[in-house]
Amino acid sequence: MASYTGSVASVARQHTGLLLTGVLLGLLGVGASLAQPWAIGNLIEAAGGGAPMTGPVAQLVGLFCAGALFSSLQAYAIGRAGENIVFDVRQTLIGRLLRADLTAFGKESQGDIFTRTVTDTSLVKIALSQSLAQLIVSGATVIGGVVLMFLIDLWLMVITMSCLGTASIISVALARKLRKVALQNRDDTGAFAGDVQRVLSALPTVKASRAESREAARIGGLAERTRRSGIRVNAYNALLMPSMNVGTQGALAVVVGVGMAWVARGEMDMASLTTFIMYLFQLVSPLVMFFMGVGQFVQGRAAIQRVDELARMPQEADDPAGAAGPAPFWQLAPHQPAVEFHDVRFAYRRGKRAETTQVLNGVSFSVPARGLTAVVGPSGAGKTTMFQLIERFYAVDGGRVRLGGQNIEALPLDTVRGLVGYVQQDSAAMRGTIRENLTYAHPHAGEDALWEAVEMAGLTTVIAQLPHGLDTELGDQGSGLSGGQRQRLCIARTLLQQPAVMLLDEATSNLDSDSERDFRDVVRRVSRRCAVIAIAHRISTVIDADKIVVMEGGRVRATGVHHDLMERDELYRRLAGSQLHAENGSAAPAAGPERLEPWAPPPSFAVGWPPYVGLTEQTLQLRPIKSEEHR
Ligand SMILES: Nc1ncnc2c1ncn2[C@@H]1O[C@H](COP(=O)(O)OP(=O)(O)OP(=O)(O)O)[C@@H](O)[C@H]1O
């Protein structure tokens, strides 16, 4: 619908037509209500003077009907404008969130983002439609009433204004305070939601760490903070209306007393006093509504401020001008490297103060267009970071990343991500059916292509055994499948996308021996079609690799094939040695090249071999892994 130019106000401006129509209808309603006391005055005069009453009665009925009609039309128009505004704000906000720069996104609490997107936008709707209209309509009623009352009797009006004026000054001061506490309350609610989200997304960890009570206390503390600021909001809200009520009631008491004295002395006629008092009565409700509207609007402004902050989140770099076109599938020229890193440097920026963590310090290597390239190295060496740069989740600080010979920064993001498929180690499956998960990157995939990908990823039997096959529902993060099955599901999803480069962050311990062999076959098959770059945790992956890149401390330390690296790279030998150490379950020192070959499962590990073949760390898993079907 509307395009976003940076603020909620800019979205609201695109609905001024409907908003103004609502306000206009409201003002017509105001006119009809303001004319009612005048019509009642006419009726009293006609009754007192013995004149026919049909005319004044018809006037009065006409005004009642017009007032009711205009006010219901106004409520409809304003309500509709409000819904349109919140729809546009949410749509554009979601669009911006999904295209947010990951560095900026990572700094925000996801729960707070959720609160701003769902709850704060609802408050924006109320502020920009109902409260704004209420302010205008009741404001106009008050002004019109005041003018008419001045015309009826100047001095009575001066008395009224002095009472109302005092009440208004107090109310404005209260409204200012209210805005401050409302903003605090919105922030507290966001912090509470953030923590709830943090804990719920890691519930098994919370339970395993016996952290339930600690977390309950911590979140309870945040809920308590929200409660306190919420009570302050209510307190100011509660003071706002009575302060106006006291003002109007005081004015009413004084006006009735003084007016009756004047009527008794013959200085004022009864019809004028009745009309004046009726206007005063009519003023009470709009005045209260006006200040209620102020309260709501003020709270809405706090929400608008928070939504605007969220919408200003930096976005991923725009696609370069002129760079466009559909992502070519399976295709990068076979004779030229699929991916090249040239002296790439990169640092993460952490927290609100953007403290940097230097991760890559001049990484250079290339990946052929076909075959398997394994990346190995100690934990924290920067392997996953490298993948994220190939996906262009982050921009490099120095050097170049090339895809099919082209600088990825010069390619449209869509093309880069169409060419590159990313199988993450975990949390890559989502709530929904298996089919939805599979076709996520390629929603219009045909049934044949879908089953081919399933077959290639070794999932055919797994899916056949599920109660509803492809239509089986998975829980959050793909729960309902084992870790290994989830990863193969993600491989199948990526295969459907037909990438030219598949990034595979290999799971460390999710596969049993049969699945391990199947998985190796899958990787082999896929690597005949495209470039597969695998962060390798299994020795089988490394031995099978056409090229191995050894990383350490944000640099490429060596590249080569297994035999070659076993001979000339000490770190690689050590990593492979720790692997063998685990395999044999002995305290043997690091293995030499001859001990790694031939690579076959030792009989003692017939079930679940190889267990975690942790090339990267000493954290090896010595126990055999149960078959995934039993999990
Ligand atoms: N989002 C982030 N913000 C800040 N620092 C990060 C972020 N992600 C990773 N790092 C840091 O970057 C360094 C490299 O991390 P990376 O995940 O690339 O290592 P890795 O080699 O893949 O490790 P592992 O094998 O343990 O997965 C680490 O020191 C880590 O602390």
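I call a residue buried if 20 or more other C-beta atoms lie within 10 Å of its own, exposed if 12 or fewer do, and partly exposed in between, with C-beta atoms placed from the backbone.

**Ground rules.** I'm working on a predicted model, where local features need pLDDT of at least 70, side-chain atom pairs count only at pLDDT 80 or more, and totals for chains, interfaces and linings use all residues. Residue numbers start from 1 along each chain as its sequence is written.

**Arg392.** I went here first. Arg392 counts as buried because 20 other C-beta atoms lie within 10 Å. I found Arg392 in the loop between H10 and strand S4 (398-403). Its phi is positive, about 60°, although Arg392 is not a glycine.

**Gln498.** Another non-glycine with a positive phi: Gln498 has about 50°. I looked up its place and got the loop between helix H15 (483-496) and strand S9 (501-505). Gln498 is buried too, since 22 other C-beta atoms lie within 10 Å.

**Overall make-up.** I took helices (H or I, at least four residues) and strands (E, at least two) as DSSP runs, numbered from the N terminus. That gives 20 helices and 12 strands for the protein. Of its 631 residues, 40% count as buried. For contacts I used C-beta atoms, placed from the backbone, within 7 Å of each other. Taking contacts between residues at least 6 apart in sequence, I see 79% joining residues at least 24 apart.

**Ser7.** I checked the segment before helix H1 (8-13), where Ser7 sits. Ser7 is partly exposed, because 16 other C-beta atoms lie within 10 Å. Where does the chain bring Ser7 and Val307, 300 residues apart in sequence? Their C-alpha atoms are 8.2 Å apart in space.

**Ligand shell.** A residue counts as near a molecule or strand here if its C-beta atom, placed from the backbone, lies within 6 Å of it. I got 14 residues around the ligand, and Tyr348, Ser379, Lys383, Thr384 and Thr385 come nearest. Which elements each supply at least two residues of the shell? I noted strand S1 (339-350), strand S2 (355-367) and helix H10 (383-390). H10 gives the most, with 3 residues.

The shell around the ligand then divides into 3 nonpolar, 9 polar and 2 charged residues.

Conventions: Contact = placed C-beta atoms within 7 Å. Nonpolar A, V, L, I, M, F, W, Y, C, P; charged D, E, K, R; others polar.
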